Each structure stands twice: as C-alpha cells, then as structure tokens.
Amino acid sequence: MSEFEQMYREVILDHYKMPRNHGILDPNDAVAEGQNPLCGDEVTVSVRFGEGDIIESVGFEGRGCAISQAATSMLTDLVKGRSAQEIAVMRKEELLDEIGIPLSPVRLKCALLGMGVLKVALHRSRGTPLPEEWGTSSGEISVN
Amino acid sequence: MNTASPLDSAVLRADFPYLEELAGGRPLAYLDSASSTQKPRQVLDRMRAFYEHEYANVHRGVYRLAERATEGYESARHTVATFVNAPSEREVIFTRSTTEAINLVAYAWGLQHLGPGDTVLITELEHHANFVPWQFIASRTGAAFRHIPIDDAGELQLDALDGLARDNSIKVVGVGLVSNSLGTINPVEQIAAWAHEQGAIIVVDAAQAAPHRSIDVQALGCDFLALSSHKLCGPTGIGALWGRRELLEEMAPFNLGGEMIRSVGLDKTTFNELPYKFEAGTPAIAEAVGFGAAIDYITGIGLSAIEEHEHELTRYAMARLDELDWVRVFGPPLERRAGIVSFEVAGVHPHDVAQILDWEGVAVRAGHHCTQPLMTRLGVAATTRASFYVYSIAEEVDRLVAGLHKVKESLG
C-alpha cells in the first residue's frame with residue numbers, strides 16, 4: 001500500500017467527499033466553532049438534544065483539509081444517541097481508531113479539531129468539562 | 001549532600017573545545033561562568049546535527065522534515081519542564097533569555113494587574129533583569145517600587161518584610177534564587193510563602209541558580225521562574241519562563257504576530273493555546289534543541305555533584321583569598337553561597353585587576369555585574385568576580401591568586 005493509500009483511505013475520501021450530518025441544525029441546542037491555527041481548518045458543530053441530554057442529532061459545516069473534515073464527519077456518526085456527559089469525556093483514541101490511519105502530531109490536530117469543537121459546544125450548553133487545550137481562556141483582541 | 005558519583009573535572013574538560021586554545025602554553029583559566037558558560041562538544045554536535053539533518057520551521061509544516069524539527073523543539077520543552085519540575089509542559093514558554101522572560105511577566109501580568117496603591121517589591125541585590133522591568137512597569141502604572149534590604153554580608157533582611165507589608169499593598173515580589181554578584185542563595189521558599197500570605201505573586205530569577213542546583217518550581221512555591229540556556233552550557237538566544245497555568249491563561253500576550261493566534265480577522269483576533277500564545281514568530285529552534293542538550297549534559301553529570309564541586313572550589317578560593325590581607329571578599333558565608341566569589345583588591349580598580357589577570361591567562365569579570373543598587377549598598381563602584389563551573393579546577397584558583405600578587409606588585 002502506498003503512503004497515499006495509507007493516509008487517504010477509501011473511507012476517509014468517502015467522508016470527505018460526502019460528509020455525513022452536514023449542515024448546521026436550525027434550531028439547535030448547542031453550537032460552537034473552532035479553528036486549527038496550524039493549517040487554517042475551520043469547523044462549526046451544532047447539536048440537538050433529546051431526553052436526558054442525549055445527542056439526538058448533530059450537524060457540522062467546515063472548510064479545511066480532507067483529514068479534518070472527514071474526521072468530523074466520522075465523529076458525528078459516532079456521537080449520535082450518546083449523552084453529552086459521555087461525549088465530553090470521550091477519549092480521542094476512540095475517534096482515532098475509527099479514522100484508522102497513522103497521523104503525525106500536526107495532522108493529529110486536524111483530526112481532532114471537530115471533537116474539540118463539539119466538546120466546546122457541549123460545555124457551553126450543558127456545562128460539561130472542556131478538553132485541556134480548549135479549556136484556555138486564551139483571550140482575544142477586537143477592533144471596531 | 002548526597003554525591004553518589006562526584007564530578008571529575010579532568011574528564012569533563014575534554015568535552016570543552018575552548019580549553020584547546022592555548023595562550024603561553026596554557027589553556028585559559030576561565031573564571032567567568034556566572035556571566036556565561038563555555039560549551040561542551042555534546043551541545044555543539046547536537047545543534048550541528050539538528051541543522052544538518054532535522055531542520056525546518058516548526059509547527060506548521062506537514063512534511064516529515066518539519067515534523068522532526070517540531071519533535072526536536074517540543075522535546076526540548078519537555079526537557080526544560082522536567083528540569084524545573086513543572087506540572088505541565090504547557091506552562092513552559094521559550095523566550096530569548098531570562099531577561100525577556102521577566103519582561104514578559106512584567107508587561108503581560110504587570111500592566112494588567114498593577115496600579116496606583118499597589119506595591120512592587122524586589123531585592124536590593126537583584127540583577128537588573130528582575131529590577132529595571134519592574135521599576136519601569138511600576139512607573140507606568142503608578143505602583144510603588146520598594147526593595148527588601150540586605151545586610152553587610154549581602155543576605156536579605158527578612159525581618160524587614162513585615163514592615164514592608166504594613167500597608168497591605170504588595171502585589172508582586174521579584175527575587176533571584178542566587179545572587180549573580182555575591183553568590184548569595186536566597187531563601188526563596190520562605191519569601192514565596194510570605195508573598196502569598198500578602199496576596200502577592202512571586203517572580204523568581206533562576207538564571208544564576210539553574211546551572212548549579214536542582215530547581216523545583218513546585219517545592220519553591222513560586223508563580224513564575226525564569227532561566228537562561230547560556231549559563232548552563234547551552235547556546236545564547238534561548239531561555240525559558242515557567243508560569244502557573246491560571247496566571248498564564250488570564251494574561252494578555254507579550255509579543256504578537258504569527259504562531260500565537262488561533263484565528264485572525266480584520267475585526268478580531270483570537271489567541272492560541274498555551275504555550276504558543278506567548279511564542280509569536282519563528283522561535284530560536286536549534287537553540288532550543290541546544291538548550292535541551294545542555295540540560296541533558298548537566299543532568300548527566302548530576303546537579304548535586306555540580307553543586308558539591310563548586311562548593312569545594314569556592315571553599316578553596318575563599319581560603320586562598322583570605323590569606324591576602326589586601327583582598328576583601330564580599331558576600332555571605334560559604335554555607336549560603338553558590339560558586340561565586342566577588343572581591344576587591346585594596347587600592348586597585350577592578351578593571352585594572354581584570355586587565356592584569358587577563359595577561360596572566362585568567363578571565364574574570366570586573367564591573368557592577370548588572371547590580372548597581374547592590375554596589376551602592378556595598379559602597380563600591382565595582383567588584384572583581386571569579387565564578388566556577390563544571391570545568392573549573394583548583395589549579396585555576398591558584399593561577400588567580402598568583403595573578404593577584406602581580407596586581408599587588410604593579411598597582412597596589
């Protein structure tokens with residue numbers, strides 16, 4: 001198998017070209033957006049809850065590399081029907097196993113962007129814990 | 001002190017190419033390590049190998065060479081974090097130097113938290129690096145700027161602390177772990193506990209301590225700690241700041257630009273996560289790798305062995321200088337002193353002392369050592385300073401003493 005085939009597995013290309021759960025839910029119970037500053041990937045994730053904070057539906061939009069968009073698409077399939085609390089502490093390995101390709105530290109950030117953004121959305125709406133790298137109130141500057 | 005394997009300077013000296021430069025048939029007696037240390041082959045080789053085989057810009061590149069460069073840079077961060085026993089690598093920020101690290105805190109924390117009615121407290125023997133930034137930020141913000149006084153032996157007068165705290169206004173305390181001028185080992189743990197009782201933070205300048213003794217930010221109980229690579233066998237141009245995460249997170253950035261952002265728009269910019277929020281621009285990548293290699297080198301020797309070696313040399317130097325009734329040594333007793341001996345030769349200016357010693361192949365520092373308030377307190381314009389490191393040997397102390405006799409003969 002070539003290096004290309006190892007990374008851009010058929011399933012990755014499939015999710016990239018035909019993302020599942022695409023589009024922002026309207027109305028929604030939770031939404032967040034995030035960027036990967038390293039390569040400029042962007043993802044927005046929205047969630048609607050059913051009873052007991054169960055994630056009933058989830059929708060995302062984004063712009064970025066195949067890995068970031070495919071990983072977020074795969075993530076949305078993984079989290080449906082599970083509770084906000086469960087997903088807030090979902091281990092990154094669960095998603096990485098699903099993605100199933102070797103990832104360098106830089107590409108790992110692409111792959112985990114959607115998961116981080118989803119956890120931010122859950123945090124905002126349900127007060128669940130944030131992943132470490134998203135827990136920072138790193139701040140911003142705004143101008144008029 | 002437990003020294004399982006004592007340091008063997010004779011063996012270590014083979015690591016240092018500077019000793020191959022002979023003057024008058026002898027290697028230089030380099031007694032200015034407190035200013036900057038010489039570099040071992042292990043550090044130089046590591047940096048060369050990095051440039052030759054692993055170099056690219058860090059963090060952005062997708063290609064494998066960039067991954068290796070990033071790995072080298074981040075593994076140096078891990079090494080620094082372990083070296084100071086930081087709870088998290090995210091709390092370790094690479095800076096240009098100790099000076100830049102302290103400026104980062106003074107600007108990013110100080111401008112945000114200080115104002116009229118607040119007090120900045122530093123020490124009378126502080127290096128200018130942990131003095132002038134605070135004096136400047138105090139003047140910018142309207143905060144008061146006060147100092148912990150020292151006694152005649154150059155030790156902090158801790159009984160003055162409660163008087164200084166009377167008006168309950170102290171917000172930040174700046175203190176060096178080891179005085180670069182006198183070698184005084186300051187009781188930082190005690191001062192940190194006291195500072196926290198005042199509701200103040202404590203900023204520790206460890207530039208002169210980190211090369212010579214184990215640093216544990218958690219045991220010290222400090223809030224920020226700064227160190228430099230070049231004083232511990234590493235390259236210049238790289239240092240580190242450790243800071244408590246809660247403080248770093250609420251602080252505004254110091255330098256702004258690339259790398260420290262999460263997203264940038266025409267109307268709004270969001271900052272990156274720690275530690276990158278404080279690392280704008282392309283960092284000193286190979287220097288960071290060299291910094292890590294230097295830490296590996298000195299921890300391989302063992303910090304307690306280094307401390308013991310310097311202690312013995314200092315004991316020897318103080319005893320030899322004590323024989324000369326025309327030489328006056330400044331500073332605390334041996335037990336509370338790192339490997340630094342500052343002195344004056346009666347009637348001879350330190351610059352003349354250093355000049356004559358240089359002709360004898362002995363390199364010492366003459367001047368105020370970036371501690372002018374301390375010099376004022378000691379009542380001198382400058383001192384001559386001899387300082388030691390892993391490659392220093394007793395024979396070099398003998399050469400210093402022989403040189404001082406020449407100084408006495410010619411100018412004393």
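Buried means under 20% relative accessible area, exposed over 50%, and partly exposed in between. The exercises below concern a predicted model.

**Exercise 1.** Classify B:Phe131 and B:Phe145 by accessibility, and determine the geometry of their ring pair.

*Solution.* Step 1: B:Phe145 has 25% relative accessibility, so this residue counts as partly exposed. B:Phe131, at 11%, counts as buried.
Step 2: Ring planes over 60 degrees apart count as edge-to-face. The planes of B:Phe131 and B:Phe145 stand at 80°, with the ring centres 5.1 Å apart, so the pair is edge-to-face.
Step 3: B:Phe131 lies in the loop between strand S5 and helix H5 of chain B, while B:Phe145 belongs to strand S6 of chain B; the two are 14 residues apart.

**Exercise 2.** Locate the partners of the salt bridge between B:Arg385 and B:Asp32, and decide whether each is buried or exposed.

*Solution.* Step 1: A salt bridge requires a side-chain nitrogen of Lys or Arg within 4 Å of a carboxyl oxygen of Asp or Glu. For B:Arg385 and B:Asp32, the closest N and O atoms are 3.4 Å apart.
Step 2: B:Arg385 is in strand S17 of chain B and B:Asp32 in the loop between strand S3 and helix H2 of chain B, so the bridge ties together parts 353 residues apart in sequence.
Step 3: B:Arg385 is buried at 1% relative accessibility, and B:Asp32 is buried at 11%.

**Exercise 3.** Describe the accessibility of the partners in the salt bridge of B:Asp223 and B:Arg244.

*Solution.* Step 1: The closest N and O atoms of this pair are 2.7 Å apart.
Step 2: B:Asp223 is buried, at 0%, whereas B:Arg244 is partly exposed, at 28%.

Notes:
Residues numbered from 1 in each chain as written. Chains lettered and ligands numbered in written order. Predicted model: local features only at pLDDT ≥ 70, side-chain atom pairs only at ≥ 80, totals over all residues. Heavy atoms only, no water. Phe/Tyr/Trp six-rings, centres within 6.5 Å; stacked < 30°, edge-to-face > 60°. Helix = DSSP H or I, 4+ residues; strand = E, 2+ residues; numbered from the N terminus. Buried < 20%, exposed > 50% of the residue type's maximum accessible area, 1.4 Å probe, protein only.
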